[in-house]
Amino acid sequence: MAYNLLAGKKGIIFGALNEQSIAWKVAERCIEEGAKITLSNTALAYRMGEIKKLAEKCNAPFFPADATNVAELEQVFRSSMEYFGGKIDFFLHSIGMSMNVRKSRRYDDLDYDYYLKTIDISAISFHKMLQVARKLDAINEWGSVVALTYIAAQRTFYRYNDMAEAKAALESIARSFGYIYGRDKKIRINTISQSPTMTTAGSGVKGMQNLMDFSDRMSPLGNATADECADYCITLFSDLTRKVTMQNLYHDGGFSSMGMSLRAMEIINKGYDCQNCED
Ligand SMILES: NC(=O)c1ccc[n+]([C@@H]2O[C@H](COP(=O)([O-])OP(=O)(O)OC[C@H]3O[C@@H](n4cnc5c(N)ncnc54)[C@H](O)[C@@H]3O)[C@@H](O)[C@H]2O)c1
């Protein structure tokens with residue numbers, strides 16, 4: 001259901017790769033709510049082919065950028081402003097990648113070149129976007145910026161690996177730049193801490209299916225889907241949340257406030273039974 005919440009607004013969506021991507025759902029919802037958007041991802045991601053479909057569906061131009069490359073990011077903001085004929089009102093950072101996770105490097109055996117790359121792609125890229133946008137004065141007053149994160153920034157999750165540090169840095173950048181942008185331009189910056197979601201990035205985490213099952217059992221409302229995450233992003237881009245800034249907002253069905261639930265305990269009890277059987 002559409003509410004016309006973004007009528008007249010213009011924004012950039014970074015990180016839509018395929019139909020499973022959270023950014024893909026956000027792009028679709030932005031259009032439904034009356035916004036105009038541009039899309040960005042790496043040139044390689046574009047060549048994979050899926051993004052063209054989204055660009056056509058959303059009537060949105062695609063501007064390539066490696067999110068670690070400041071010059072390329074500058075070009076995305078400049079081209080977007082040229083396309084819109086003025087400043088933007090919002091952007092989404094929906095980017096994450098760890099070669100250590102991809103190559104199954106354990107946390108006590110990290111490759112440090114990969115580690116630096118993880119932090120650059122998944123966190124510093126957010127700083128680069130915000131700094132580029134500020135230097136170009138690319139965002140209208142009362143604009144809104146959102147980045148996606150995960151609760152492993154606060155708590156330790158087996159196998160989330162070096163992405164935990166990346167997410168902690170990402171959330172801190174939202175606060176540090178949130179102060180500067182809020183003070184000077186009334187622009188808000190928040191992170192959404194999303195439930196585990198089966199996407200390309202998500203499925204890179206080993207044991208993802210089990211993590212999703214555990215998380216779903218622990219959450220009184222169940223895991224939040226990518227579509228539901230898109231709905232939440234829309235509210236943050238809209239004028240209904242103009243005084244929300246510098247927050248890490250949990251969108252996780254209640255997971256972050258739980259200690260133990262009946263449904264999770266049932267599984268653990270079964271596990272104990274099995275262990276006893278083996279004994
Ligand atoms: N899937 C989950 O379980 C989950 C949970 C919480 C938060 N998140 C976060 O949501 C965001 C989106 O991930 P997703 O789950 O939709 O997966 P996804 O794989 O669809 O999206 C990740 C995107 O990052 C892009 N990317 C990687 N390296 C890049 C680079 N150098 N420059 C520009 N773009 C680059 C990819 O091309 C891809 O579009 C990520 O920040 C992720 O950490 C995901």
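This is a predicted model: local features need pLDDT of at least 70, side-chain atom pairs count only at pLDDT 80 or more; totals for chains, interfaces and linings use all residues.
Before I start on helix pairs: axes are lines fitted to C-alpha atoms, for helices over the stretch in contact, and angles run from 0 to 180 degrees between N-to-C directions.

**Entry 1: α1 against α10**

I looked up how these two helices sit together. α1 and α10 pack with their axes 8 Å apart, at an angle of about 50 degrees. The crossing of α1 past α10 is right-handed. Then I listed who touches whom: α1 brings I22, K25, V26, R29 and C30, while α10 brings A226, D227, C229, A230, D231, C233 and I234. Sorted by class, this contact has 8 nonpolar and 4 charged residues, with no polar ones.

**Entry 2: α4 against α6**

Next pair. Helix α4 covers residues 70–84 and helix α6 covers residues 112–135; their axes come within 9 Å and cross at roughly 55 degrees. That makes α4 and α6 oblique to each other too, so I wrote down the label. Which hand does the crossing of α4 and α6 have, left or right? I found it to be right-handed. From α4 I noted V70, L73, E74 and F77, which meet K128, M129, V132 and A133 of α6. The classes in this contact of α4 with α6 are 6 nonpolar and 2 charged residues, and no polar.

**Entry 3: α6 against α7**

I stayed with α6 and checked its contact with α7. Here the axes come within 8 Å and cross at roughly 10 degrees. The cut-off for roughly parallel is under 35 degrees, so α6 is roughly parallel to α7. On the α6 side I found T118, I119, S122, A123, F126, H127 and L130; on the α7 side, M163, E165, A166, A169, L170, I173 and F177. The class count for α6 with α7 is 10 nonpolar, 3 polar and 1 charged.

**Entry 4: the sheet**

Time for the strands. In what order do the 6 strands of the open sheet run? I read it as β2-β1-β3-β4-β5-β6, with parallel pairing. β2 (36–40) and β6 (248–251) are at the edges with a single partner strand each, so one side of each has no neighbour in the sheet. On average, neighbouring strands are turned by 20 degrees against each other, direction ignored.

I zoomed in on one pair: β1 (residues 10–14) and β3 (residues 88–93) are joined in the parallel sense over 4 bridges. I12 has F91 in β3 as its bridge partner.

Helices pack on this sheet as well. α7 (residues 163–185) touches β4, β5 (188–194) and β6, and its direction makes about 155 degrees with that of β5. α10 (residues 226–237) lies across β1, β3, β4, β5 and β6, at about 165 degrees to β5.

Technical notes: Residues are numbered from 1 along each chain as its sequence is written. Angles under 35 degrees count as roughly parallel, over 145 as roughly antiparallel, 65 to 115 as roughly perpendicular and the rest as oblique. A crossing is left-handed if the near helix is turned anticlockwise from the far one by less than a right angle, and right-handed if clockwise. Two residues are in contact if their C-beta atoms, placed from the backbone, lie within 7 Å. Ala, Val, Leu, Ile, Met, Phe, Trp, Tyr, Cys and Pro count as nonpolar, Asp, Glu, Lys and Arg as charged, and the others, Gly among them, as polar. Two strands pair if DSSP finds at least two bridges between them.
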